[in-house]
Every structure is written in structure tokens, then in C-alpha cells.
Amino acid sequence: MSDVTRMTATEVAALVAGGEASAVEVTRAHLDRIAEVDDRVHAFLHVDTEGALAAARDVDARRAAGEPLGPLAGVPVAVKDVLTTRGVPTTAGSKILENWRPPYDSTIVTRLRAAGTVPIGKTNMDEFAMGSSTEYSAYGPTNNPWDLGRIPGGSGGGSAAALAAYEAPLAIGSDTGGSIRQPGAVTGTVGAKPTYGGTSRYGLIAFSSSLDTPGPCARTVEDAALLHAVIGGHDPRDSTSIPAPVPDVVAAARLGATGDLTGVRLGIVTQFSGEGAEPGVLAAFRESVDTLTKLGAEVVEVSCPHFEYALPAYYLIAPSECSSNLARFDGVRFGLRVGDDGVKSLEEVMSLTRDQGFGPEVKRRIILGTYALSSGYYDAYYGQAQKVRTLITRDFTAAFEQVDVLISPTTPFVAFPFGSRTGDPYQMYLADLYTIPTNLYGGPAISVPCGLSEGLPVGLQIMAPTMADDRMYRVAAALESAVGTFTPPAL
Amino acid sequence: MSAIVLPSYDDVVERYEPVVGLETHVELGTNTKMFCGCPTDFGGEPNTRTCPVCLGLPGSLPVANKAAIEATIRIGLALNCSIADWCRFARKNYFYPDMPKNFQISQYDEPLCVDGYLDVEVQGKTVRIGIERVHMEEDTGKSLHVGGATGRIHGATESLVDYNRAGIPLVEIVTKPIPGTGALAPETARAYVTELRDVLRSLGVSDVRMEEGSLRCDVNTSLNLPGDEWGTRTETKNVNSLRSVERAVRSEMLRQAALLDAGTKIIQETRHFQEDTGGTRPGRSKETATDYRYFPEPDLVPIAPDRAWVAELKAALPELPRVHRQRLQEQWGLSDLDMQSVLNAGAVELIEQTVAAGTTPASARKWWLGELSRRANEAGVDLAAIGATPAQVAELQRLVDEGKLNDKLARTVLEGVAAGEGSPTEIMAARGLGVVSDTGALTAAVDEAIAANPDIAAKIREGKLAAAGALVGAVMKTTRGQADAKTVRDLILTRLS
């Protein structure tokens with residue numbers, strides 16, 4: 001058997017289904033790889049060795065009993081630490097949840113288990129998913145396998161790095177303003193943000209409820225589509241979950257892989273003309289546009305005039321919601337408690353707990369959001385931001401009357417060195433410039449590797465109308481079939 | 001604050017005009033909580049009726065309870081409100097030790113029901129109370145303070161929280177300000193809460209028990225000089241009996257009048273009602289009021305009640321208490337005064353059910369307002385708790401109608417019914433209380449009476465038939481009241497003719 005950790009999820013699943021390798025062997029190979037490289041990568045906050053082996057044994061037993069196995073049975077999957085996993089530490093990258101073991105599984109994890117995938121551990125992330133570099137994790141940053149001195153993207157840097165370091169063939173992320181796609185782009189992997197409501201948020205520790213979207217991360221488009229199909233679909237526990245079947249993303253990916261995009265109309269957003277973007281990123285993007293045209297796609301320019309207000313609107317809406325969502329972290333019922341000496345008051349304990357439990361970016365956003373929602377400022381800030389959100393949605397609707405999907409670079413720049421943007425929050429926020437409009441709109445978007453710039457991966461983003469997730473998989477798979485996948489240097 | 005001398009109530013209402021407003025919280029009687037599937041039963045071992053959702057654990061999400069939405073719409077319809085085509089939940093952000101998420105899911109500027117009214121009777125006059133809104137929210141948990149002498153937080157060594165109540169569906173019903181009630185402001189407030197309680201009970205949406213907190217009131221009161229704008233209001237929180245509603249309004253009127261007389265401004269604040277004194281003490285003032293930072297709840301989709309569904313719910317509303325009472329009064333042929341005494345005795349349903357079991361309204365009313373009310377008063381219990389059911393009362397009356405019991409015997413049987421000895425027929429049999437109308441058995445008693453009262457017998461023979469009553473009485477005495485009076489009288493007259 002060749003090295004199973006280098007295989008795609010599709011290949012691993014075939015191996016297990018065909019009996020050429022047991023799920024336990026596959027799992028052990030990945031646990032070994034984690035043991036070998038993760039002290040340098042630091043993709044994982046917790047490796048659930050026991051749980052993973054138990055899940056793998058269960059798959060092997062079911063196979064032995066002749067039970068039908070799902071298309072991803074026996075495949076290890078790394079789960080962003082923002083999703084609750086019963087009995088397994090879940091911290092959302094924060095000190096305030098250090099050692100917290102939830103009494104329940106998130107719906108995503110429930111579906112992963114039901115599909116026979118093997119949850120192998122919890123991946124590092126910016127605290128409460130706030131950040132674009134994983135430098136805001138309370139447990140130290142994750143290093144980009146392409147260059148250990150650079151960021152792996154954020155907030156889902158751990159999930160993306162686990163894929164790029166061959167520690168897992170599949171991973172789960174969550175995308176509030178680009179936290180699946182942006183790490184995907186800077187690590188040369190595939191990351192998809194499904195339609196908002198297309199994947200359940202039940203058990204996803206909330207950052208910004210109206211934007212948060214869990215989604216698949218993989219090394220190939222087909223793998224991402226298979227994972228998407230496993231975790232997607234209506235969940236009665238999430239009121240915002242869409243009561244409709246997931247579009248057939250797997251079939252769309254396979255169709256795209258034939259390399260034919262005849263009749264597909266791609267839109268390039270005028271407002272994403274590249275101001276502030278690195279020349280290497282723009283060059284890779286233009287080359288990809290040529291490639292897509294050669295595959296038969298028609299490319300037109302469309303105007304989305306309100307996209308330029310997306311970033312400020314996002315940085316009012318997301319902090320506003322987070323200021324409310326994070327109110328429950330008070331040191332009373334779960335997680336960290338500081339100063340409980342029997343003398344201090346409840347308010348003092350709560351204050352000390354939050355001061356020590358929350359990191360700087362989380363505090364910044366809570367304060368920002370509290371201010372934006374306060375009476376007297378609500379209309380000027382939150383209210384205005386919601387109006388901008390409506391206008392951005394209209395931009396998308398109008399654009400999708402002209403084209404099937406919109407394309408752009410995923411990020412304005414390739415992976416940057418650690419510390420280069422933490423001093424200036426605005427510079428950090430720019431990392432999500434191209435990804436944020438989609439979150440405000442609610443539609444799906446995917447990042448797929450499209451080339452290299454100065455030896456580092458560049459991602460292409462494909463945005464589709466809500467509930468048309470299949471379209472973006474088709475285009476992504478077509479591009480992948482033309483440009484191939486990108487392998488980082490050996491660790 | 002130095003003690004203030006209160007003016008007299010008459011003096012206050014002569015010089016000031018009160019405006020009251022009421023916010024009533026009602027716990028809905030749904031099987032499950034507002035946003036999760038946990039049971040809503042009262043009590044239970046602390047924290048056994050909880051789940052990640054009602055505990056507000058990280059990652060958990062609310063899902064609105066359709067039964068609660070339906071109940072709220074029915075309440076809105078019963079209160080003549082418009083039902084919103086589209087509305088949303090909002091988050092009310094504030095810290096409260098027993099509130100799991102540190103925000104409450106409520107409705108803010110987009111309530112489900114708006115702009116209705118409720119007609120209530122105040123001393124024989126109908127007053128229309130405007131309803132501002134009816135909206136849904138979730139209840140909080142309960143704190144228990146342990147180690148102190150009083151059970152309050154002061155002096156406690158530790159505080160425990162029970163989240164069983166957290167997430168119970170609540171409906172808040174807010175009136176518009178009620179001006180123009182003058183001296184009857186306290187009675188009007190009470191009449192409103194009473195009528196509201198009856199409406200909610202008739203809808204079957206809540207057990208409306210004020211003593212268990214399933215219905216609780218915040219009472220707003222203000223005073224102004226005639227012709228002036230409305231005064232600054234205070235809000236007296238969590239008033240939990242009908243009597244206290246009335247007392248709270250009255251005491252706030254007196255307190256505010258004293259302050260205004262002294263030239264002191266009323267500050268807008270929440271106050272707490274004190275059952276022992278009937279007064280209020282200050283709570284939070286507006287200066288330190290929380291900024292709730294309301295915004296639309298992003299975890300829940302908006303509610304857009306289907307119009308056909310709302311129409312169905314409207315068509316299926318039960319007859320509301322006021323209409324129901326008017327119909328019964330008409331059917332029973334009662335004067336306003338008589339109906340009032342039925343209402344005061346809390347006997348409407350009991351009489352109605354007794355009539356339904358086959359008794360005339362007059363007979364039913366006679367038993368419930370007479371013998372049974374007397375017993376209830378003596379025992380100091382509600383009429384409904386006296387131990388006799390409408391079916392038993394109807395059976396008793398039937399026995400009287402059939403001549404098997406006379407009035408006196410019937411009262412004795414009723415005593416047995418109230419004591420739980422069984423049905424009237426069973427008690428009659430067990431105690432041997434039936435009327436004896438068998439002539440054979442009575443003839444001896446009649447003859448005995450005639451022999452013992454020759455003077456009376458002579459008068460009857462002379463044609464003075466009215467004298468027969470004395471002999472009937474004598475026979476009744478010897479038969480312990482069980483003889484049928486008419487049979488006895490006939491026998492006497494036959495014997496002496």
C-alpha cells in the first residue's frame with residue numbers, strides 16, 4: 001500500500017470499501033502522521049486517538065457484517081474546534097472554554113459519525129473564529145505547511161493546515177467572513193462555504209449567527225463535494241436551516257471534472273479589479289480566467305456597486321451579534337472561572353473571568369458590537385449596516401441575472417509572515433475583502449487553488465446564487481482538471 | 001427619605017387624575033418550552049428539565065414552539081388585536097444570574113399581536129381597556145440563596161440556580177394607558193386583570209395561577225392635575241394577586257400625591273409591591289436603567305402566520321367569558337343583581353354544569369347560592385372545593401322532584417355528599433333517608449296522632465281543614481321527617497271525613 005495519507009478521501013474510501021485497508025489502518029496512518037509533523041504545524045488542539053480508533057473499528061465491523069457503507073466511510077476528518085463534540089474538549093480557540101467537554105454533539109459531527117467518517121481531532125482556530133491568520137488562537141498559532149513562518153489563514157487555519165500537511169484528507173471549517181475559503185486559498189486546498197442555512201449551525205459555537213456557515217475543506221473539489229453532501233441538509237434543530245434537499249454537488253463536481261464549461265457564464269466583479277491586491281495574485285487570477293475561457297466558459301464583467309461597503313457593514317454586523325452571543329461566557333455555568341474565592345462578588349468574578357478568558361481581538365469586537373447596538377447608535381451603525389446588507393444582496397441578485405457564477409481571487413494576498421498584520425486590525429480585516437460580500441448575501445462560494453505566486457498558493461473564488469451550490473462545484477472542478485492540485489514542499 | 005404623610009384617598013382623587021397601565025405576564029400551558037423540547041411542568045427536581053438549549057450552552061440554538069405561537073395568536077384574537085402578517089423575535093441583552101444566555105429572546109418593535117381591547121365591568125359600567133400589544137418571550141430560571149436566615153441573597157453563603165423554569169413560554173400583554181377612571185382606577189385595574197384571567201382560562205392557554213406565578217402583573221401608575229399632561233409613571237413589578245393589583249394602584253396614587261403635594265418630582269422607576277404593608281418600595285431608577293441593545297434574533301426565522309390559519313383560529317375561539325355570562329343571565333332569567341351574586345359566589349360554571357345535568361336554573365342556583373355557599377363560607381373554602389359536584393347536585397334535585405326526598409332530607413343528604421359519602425342515591429339508601437309514602441306504614445302514625453290530639457281532630461271534623469297542618473307536623477315528627485307530607489295530609493283528611 002502506498003502512503004495512505006497522500007491519497008484523496010475518495011481514494012481512501014475506496015480502499016476501505018474494497019477491503020484493501022481497514023479503517024483502523026487508515027486512521028493509525030493519519031495519527032502517525034499527526035505525531036510526526038504536528039509539533040511543527042500545530043494544526044490540532046486535541047487529537048482524539050481513542051475516539052477515532054473506536055469510530056474506525058465500528059466502520060470495520062460494519063463492513064465485516066456486510067452493512068452498506070457511505071461514500072466516505074473510514075475516512076478521517078479533522079473538525080474545527082468551534083463545533084461541539086460530545087465528551088471531547090471543545091474550546092473555540094479560547095481560554096474561556098479551556099477543557100470544556102460539551103455534553104452534546106453538533107449536528108455536523110452527528111452526521112459525520114452517521115456517515116462512517118472518522119473524526120480524528122479538533123483543529124486550531126482564531127479565538128471564537130475572529131481573525132484571518134489563526135494568530136488569535138489562545139493556544140498559539142498554526143503554521144502554514146508551505147512555509148512554517150507564515151500564517152495558514154484564518155480563522156480555520158488549523159483545518160486547512162491539517163489538509164496541506166497530510167494529517168487528514170478532510171476537514172470541517174466554519175465561514176463567517178471567509179474563514180473556510182481564505183485559509184483554503186493560502187494553503188493550496190479547497191474550501192467551500194455552503195449556502196447559509198444549507199448546513200446546520202446546531203452545535204457551532206456562535207460568532208455571528210446570521211453569517212456563520214459550517215462547510216467542507218478538502219484537497220480536491222470532488223472530496224469537498226462528497227463531504228458537503230454528508231454534512232448538508234435540513235436540520236430541525238436549527239430554525240434558519242433551509243428545509244430543502246442539498247443540490248447534487250457531487251454530480252456537479254464530476255460533471256465539472258470533464259473539463260467542459262461550454263455555455264457557462266462567468267462574471268468578473270468590476271469592483272474587485274484588484275486595488276490593493278498583490279500582482280502575483282492578480283496574475284494567477286487572470287491566467288485562470290484564460291483557462292476557464294478555453295474550457296468553453298463565457299466571461300463578462302458585472303458591476304456590484306455596493307461591494308465596497310461590504311467590509312464596514314460586516315465589521316458592524318458581526319461584532320454586534322458576537323457581543324450578544326458571547327454574553328453567555330460569564331464563568332457561571334461552564335468553562336473558565338477566575339476569582340471565585342468566596343469573597344468576590346458575582347460581577348467581579350465575571351469581570352475577571354472575561355478579562356483573562358477572552359483575547360484581544362475578541363474583546364475588541366465585543367466592545368465594538370456593544371457600542372454599535374447601544375441605544376442612540378443603533379440606527380447609525382447596526383441599522384445602516386443592515387441596509388447595506390440588503391443592497392449587497394440586490395447586487396448579487398442583479399449579477400446572477402446576467403451570469404451563472406461570479407469569480408474573483410479568494411484573497412488579495414498570499415500567506416503573509418506571522419506578526420505582519422496583527423499590529424493593524426484593518427490590515428488584517430482586508431484579508432477577507434473578497435470573501436465577505438457572499439456572507440452578507442448568504443450564497444455559497446468556494447475557493448479552489450488556481451496557481452502559485454512566489455511559490456505560495458493562490459486561490460480562485462467562485463460565488464453562486466443561494467441554493468445553487470452545485471454550480472460553483474462544477475466550475476471549481478473544471479478549473480482543477482485544467483490546473484491540477486498543488487503540493488507543498490516536504491515538511 | 002423621611003416618612004411622608006399620606007393624604008386621604010378621597011382628597012387625592014378630588015385633586016388629581018390617575019392614569020394606570022398594566023403589563024401582564026402569563027406562562028403558557030404548552031407541553032414543552034418556548035425554544036426546546038423540555039417539559040414545562042411546575043416544580044420538579046432542580047435542573048432535571050433542561051437541555052443544551054434552555055441551559056444556553058455554547059452552540060445550542062432555539063427553535064420556536066408552534067403551540068406557543070398558536071396560543072399567542074388565540075390570545076391576541078380574543079383581545080380583538082390585529083395579528084401581524086410578519087414579525088420577529090428580538091434579543092433583549094442584559095445580565096441576570098439565572099438567565100442562561102444573558103439575553104432574553106423576546107419581541108420588541110415587531111410583536112405578534114397589536115392594537116386590541118378588552119371590555120370589563122367596573123361597578124356595573126363597561127370600561128373598554130385598550131390593548132397595546134401581545135408578544136412572546138421566554139422565562140428565566142430561579143435563584144435560590146442558601147445559608148442566610150431569610151432566603152434572600154443578603155447573608156447567604158451561596159446561591160444556586162434552578163433552570164427548570166428557564167425557557168417556559170411567556171406571553172406579555174400590555175395595555176394602553178387607561179385614563180379617566182378617577183376614583184375607580186384601582187377597581188378598574190383589578191377588574192381588568194380578573195377579566196383577562198377569565199379570558200385566558202376560557203381559551204385554555206394557561207392555568208393562570210397568580211399564586212404560582214403563572215400570571216403576574218406589573219402595574220404602571222401616574223397622577224396629573226386636571227388639564228395637565230400625564231404625569232411621570234412608576235412601575236410596580238410582579239404583583240401577584242388580584243387584591244394586590246388594586247392595593248398597588250391605590251398606594252401608588254397616595255404616595256405620588258403626597259410627593260406632588262410637597263412639590264417633589266416623581267422619578268420614573270420600578271417599584272416592588274410589599275404584601276405585608278400594601279405599599280411599594282423603590283427598585284431600579286431610570287438613571288441606572290439597562291440599555292437592552294435590542295436587535296432582531298438572528299437564530300430564529302421571522303414568523304409569518306398564514307392568514308387562513310389565523311382565520312381558522314379565530315373561528316374556533318370559544319365564547320368569551322363576558323358574552324358567555326350575558327347569555328347565561330338571559331337563559332337563566334336573572335336580574336343584573338342576581339347575576340352579580342352568582343358571579344360573586346364564583347358559581348357561574350357550577351350552576352351551568354348543574355343545569356346541563358338536567359336541573360332547572362332556579363333549582364341549581366338555589367342549591368349553589370344557598371346551602372352550598374353557606375357550607376363553603378363556614379369552611380372558608382371556594383365553592384368549587386366544597387366537595388359536591390354539579391352532577392350530584394342535579395341528582396339530588398331529581399330525587400326531590402320525584403318526591404323521594406323532601407327539602408329537609410335533601411339538605412341532610414347534601415351533608416353526606418359534601419363529606420364524600422357517595423352519590424345522593426347511595427347516601428339516601430345508606431342512611432335510610434327516603435321519603436315514606438307507603439300508606440300502610442303511615443296509617444298507624446296518623447291514627448296515633450289523631451288519638452293524641454282529639455281537639456285538633458275535632459276541629460278538622462268540623463271542616464276547619466287548615467288545622468290538619470298540626471297533625472301533619474306530629475306525624476312528621478314520629479317518622480323523623482321521612483313521611484311524604486302530602487300523603488300524610490290526605491290520610492288525615494280521609495280518616496276524619
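User: How much area is buried between chain A and chain B?

Analyst: The size of an interface is often given as the accessible area lost when the parts come together. In this predicted model, chain A and chain B bury about 2600 Å² between them, and carbon and sulfur atoms give 59% of that area. On the side of chain A, the residues that lose the most area to chain B are Ser239(A), Arg328(A) and Arg333(A), together 24% of what that side buries.

User: How many residues does each chain bring to the contact?

Analyst: Chain A brings 39 residues and chain B brings 30 residues.

User: Which polar interactions are counted between chain A and chain B, and how many salt bridges are there?

Analyst: The rule finds 16 residue pairs in polar contact across the interface, both residues of a pair being at pLDDT 80 or more. The salt bridge count between the two chains is 1. Its partners are Asp299(B) and Arg201(A), whose side chains meet at 2.8 Å, N to O.

User: What does Ser210(A) touch?

Analyst: Leaving out residues up to four places away in sequence, Ser210(A) touches Tyr196(A), Ile317(A), Glu321(A) and Arg389(A), along with Pro298(B) from the other chain. With Glu321(A) there is also a polar contact, side chain to side chain, at 2.7 Å.

User: Now the nonpolar packing. Which residues touch the most other members of the largest nonpolar core?

Analyst: The largest nonpolar core has 221 residues, and those touching the most other members are Phe128(A), Ile462(A), Tyr473(A), Ile75(B) and Ile173(B). Apart from this core lies another, of 30 residues, including Leu334(B), Ala410(B), Val413(B) and Leu433(B).

User: What surrounds Phe128(A), beyond residues up to four places away in sequence?

Analyst: The residues touched by Phe128(A) include Ala92(A), Ile96(A), Leu97(A), Phe207(A), Leu326(A), Phe329(A) and Val362(A). Ser94(A) is also among them.

Notes: Residues numbered from 1 in each chain as written. Chains lettered and ligands numbered in written order. Predicted model: local features only at pLDDT ≥ 70, side-chain atom pairs only at ≥ 80, totals over all residues. Heavy atoms only, no water. Polar contact = N/O pair within 3.5 Å; in protein donor to acceptor, adjacent residues only side chain to side chain. Contact = heavy atoms within 4.5 Å. Buried area = accessible area lost by both parts, 1.4 Å probe. Salt bridge = Lys/Arg side-chain N within 4 Å of Asp/Glu carboxyl O. Core = buried A, V, L, I, M, F, W, Y, C linked by side-chain atoms within 4.5 Å. Buried < 20%, exposed > 50% of the residue type's maximum accessible area, 1.4 Å probe, protein only.
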